[in-house]
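Trainee: Please take one part of this protein and look at it closely. I want the residues, the values and the cut-offs behind each term.

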Amino acid sequence: MDLQKHAQQPDTAPRTAELRASDADRDRTADLLREALAEGRLTADEHAERVEGVLAARTVGELEVFVRDLPAAHRRRAAPVSVPGRPGAGAIPLDPDDNVVAVFGAASRKGRRRTGRRIHAYAVFGSVEIDLSEALFDHQQVVIKAFAVFGSVEIRVPENVSLRGMGGGVLGSFETDTLDATDAEAPVVYVDGWAVLGSVEARARRGRLVADILDKVQRTVDRSVRRHPGH
């Protein structure tokens, strides 16, 4: 190969920074800014100003300007992950299938129970626990809207589902341990909402698997059929 001739050829491939930004790119950048606000790296005014810029950005390079001074941006660039798309319009009903409310008290949802597509949790000077580690998932996408005001919301899921956080904190903590299921058909749990002088925490309960739970249910049904044939 003639290296000199090759070097003189113009580079017609567009650089990454010059690529047009997609809605998904803007969403990922907004997520980074929301995390930075929750961690105290940005003030509320700085967060609002940057989000406004993100919404107006046209290229990937313009988006990078708003997060280049945040540690999370460099971590994600070094180890990109597959992010399930957000629920599309109409995919999740606006009205909750279940409301979990704790005002100056405690409330919980746990054990073997069927999950709806939307769960709302409100903790006002109280605590809410939503444990889906033994739940039966009838839907591939589940949204949990969590609001903690001087309170706490704790969410647990099986370790073989995908888990995504879309909320934020105002003088509070909104933490989601991101999970990526290896099975493309595995449920996806989205945790949204706000923590105002409170905390929202979502993570996997290790050792709990959706497949294991469903297998146990199937074995129970099979035993029942063998004991009562013909019924």
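Mentor: Tyr 122 is partly exposed, at 31% relative accessibility. Here buried means under 20% relative accessible area, exposed means over 50%, and partly exposed is the range in between (1.4 Å probe, protein chains only). The model is predicted, so local features need pLDDT of at least 70 and side-chain atom pairs count only at pLDDT 80 or more, while totals for chains, interfaces and linings use all residues. Residues are numbered from 1 along each chain as its sequence is written, and side-chain values use heavy atoms, with hydrogens and water left out.

Now the rings. The structure has 3 aromatic pairs. One of them is Tyr 122 with Phe 147, which is stacked, at 5.5 Å centre to centre and 15° between the planes. Tyr 122 sits in strand S4 (residues 118–124) and Phe 147 in strand S7 (residues 141–149), so this pair ties together parts that are 25 residues apart in sequence. Phe 147 is also partly exposed, with 25% relative accessible area.

A second pair joins Phe 125 and Phe 150. Their rings are stacked too, with centres 4.9 Å apart and 0° between the planes. This pair links distant parts of the chain, 25 residues apart: Phe 125 is in the loop between S4 and strand S5 (127–131), and Phe 150 is in the loop between S7 and strand S8 (152–158). Both residues are partly exposed: Phe 125 at 42% relative accessibility, Phe 150 at 43%.

Some terms. A pair of aromatic rings is described by the distance of the centres and the angle of the planes. Rings of Phe, Tyr and Trp (its six-membered ring) pair if their centres lie within 6.5 Å; planes under 30 degrees apart are stacked, over 60 edge-to-face, and the rest tilted. Helices (H or I, at least four residues) and strands (E, at least two) are DSSP runs, numbered from the N terminus.

Strand S1 (98–103) and strand S12 (188–196) are the elements that give two or more residues to the patch. Val 101 lies in strand S1. That residue is partly exposed, with 48% relative accessible area. Accessible areas come from the Shrake-Rupley method with a 1.4 Å probe, and for residues only the protein chains shown count as cover.

S8 pairs with S5 in the parallel sense, over 5 bridges. Val 128 stands opposite Val 153 of S8. S8 also runs parallel to strand S13 (residues 199–205), with 7 bridges between them. There, Ser 152 has Ser 199 of S13 as its bridge partner. Two strands pair if DSSP finds at least two bridges between them.

Charged partners come next. There are 15 salt bridges (a side-chain nitrogen of Lys or Arg within 4 Å of a carboxyl oxygen of Asp or Glu). One joins Arg 114 and Asp 138, with their closest N and O atoms 2.7 Å apart. It links distant parts of the chain, 24 residues apart: Arg 114 is in strand S3 (residues 114–115), Asp 138 in the loop between strand S6 (136–137) and S7. Arg 114 is exposed at 55% relative accessible area, whereas Asp 138 is partly exposed at 42%. Elsewhere, salt bridges with shared partners join Glu 154, Arg 156, Asp 177, Glu 201 and Arg 203 into one network.

Finally, the whole protein. It has 6 helices and 13 strands. Of its 231 residues, 36% count as buried. Its accessible surface is about 13800 Å², and carbon and sulfur atoms hold 51% of that.
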